[in-house]
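Trainee: Please take one part of this structure and look at it closely. Then show me how the rest connects to it.

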Amino acid sequence: MRMRIAAAVAALALSPVAFADCTVEIEVGDSLSYNTSAIEVPASCENVTVNIKHTGSLPAAAMGHNWVLAADADWQDIANKGAAAGVAGNFLPTGDDRIIAATKLIGGGETDSITFSTATIDAGGSYTFFCSFPGHWSVMKGSFKLV
Ligand code: ZN
């Protein structure tokens, strides 16, 4: 099942990807892009797990990526405020309740995973996932929906 999802992600790059189970596989590399621009997860998922894999070779300080989820209305302000946190702080403001979920900032060859509750996410609501590395989030983002 996991292999089939990964294959589907590769085939549908930059198209909405509906994940049949509650686990989302994300790949990033030495460029400013995710392997998908739209993620749809069943609303029946009480928890969602996002696994992020950096297939590039550059270190986090040069080409770090993370996966951060917030409401459409909040994400840009979170990204702006996160710049001051630096690489060590994953370029995210600490204690910001508007952050629904966030992985660590990772570099080439690294992986991370985050599992979060969907209790605060409205089915059909508009949410954005993004990389909070300064300069990345203007292009490195996509939509997240419970469907
Ligand atoms: Zn990035």
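Mentor: Start with helix H3, residues 75-82. Its buried residues are Trp 75, Ile 78, Ala 79 and Gly 82. Buried means under 20% relative accessible area, exposed means over 50%, and partly exposed lies in between, with a 1.4 Å probe and protein chains only. Helices (H or I, at least four residues) and strands (E, at least two) are DSSP runs, numbered from the N terminus. This is a predicted model, so local features need pLDDT of at least 70 and side-chain atom pairs count only at pLDDT 80 or more, while totals for chains, interfaces and linings use all residues. Residues are numbered from 1 along each chain as its sequence is written, and side-chain values use heavy atoms, with hydrogens and water left out.

An α-helix has 3.6 residues a turn, so residues three or four places apart point the same way.

What covers that face? The cover of the buried residues of H3 includes S6, S9 and S10. Contact here means heavy atoms within 4.5 Å.

Take S6 next. Ala 70 is found in this strand. Ala 70 counts as buried, at 0% relative accessibility. Leaving out residues up to four places away in sequence, Ala 70 touches Trp 75, Ile 78, Arg 98, Ile 100, Tyr 127, Thr 128 and Phe 130. Among these, Trp 75 and Ile 78 are buried residues of H3. Ala 70 and Ser 126 are 56 residues apart in sequence, and their C-alpha atoms are 9.1 Å apart in space.

Rings of Phe, Tyr and Trp (its six-membered ring) pair if their centres lie within 6.5 Å; planes under 30 degrees apart count as stacked, over 60 as edge-to-face and the rest as tilted. By this rule the count comes to eight aromatic pairs. One of them joins Tyr 34 and Phe 129, edge-to-face, at 5.1 Å centre to centre and with 70° between the planes. Tyr 34 lies in strand S3 (residues 31-34) and Phe 129 in strand S9, so the pair ties together parts that are 95 residues apart in sequence. Both partners are out of the way: Tyr 34 is buried at 5% relative accessible area, and Phe 129 is buried at 0%. Ring pairs also link Tyr 34, Trp 67, Phe 116, Phe 129 and Phe 144 into a cluster.

Now the metal. Which protein atoms hold the zinc ion? The donors are Gly 64 (O), His 65 (ND1), Cys 131 (SG) and His 136 (ND1), lying 2.1 to 2.6 Å from the ion. Donors are N, O and S atoms within 2.8 Å of the metal (3.2 Å for Na, K and Ca); water is not among the atoms, so sites may look incomplete. Along the chain, the donors follow the spacing G-H-x65-C-x4-H. His 65 lies in the loop between helix H2 (60-63) and strand S6 (68-71), and Cys 131 in the loop between strand S9 (127-130) and strand S10 (141-146), so the pair ties together parts that are 66 residues apart in sequence. His 65 is buried, at 0% relative accessible area. Cys 131 is buried too, at 0%. The site is irregular, with angles of 80 to 129° among its four donor atoms. Four donors count as tetrahedral if all angles lie between 85 and 135 degrees; four count as square planar and six as octahedral if opposite donors are over 155 degrees apart and all others between 65 and 115; anything else is irregular.

Go back to H3 and follow the chain onward. The loop between H3 and strand S7 (101-102) holds Asn 90. Phi of Asn 90 is near 60°, a positive value in a residue other than glycine. Phe 91 sits in the loop between H3 and S7, and has a positive phi of about 50°. Most residues other than glycine have a negative phi. Phe 91 counts as buried, at 8% relative accessibility.

Last, the whole chain. Its secondary structure comes to three helices and ten strands. Read along the sequence, the pattern is α-β-β-β-β-β-α-β-α-β-β-β-β. Buried residues make up 46% of the 147 residues. Among contacts with a separation of 6 or more, 66% come from residues 24 or more positions apart.
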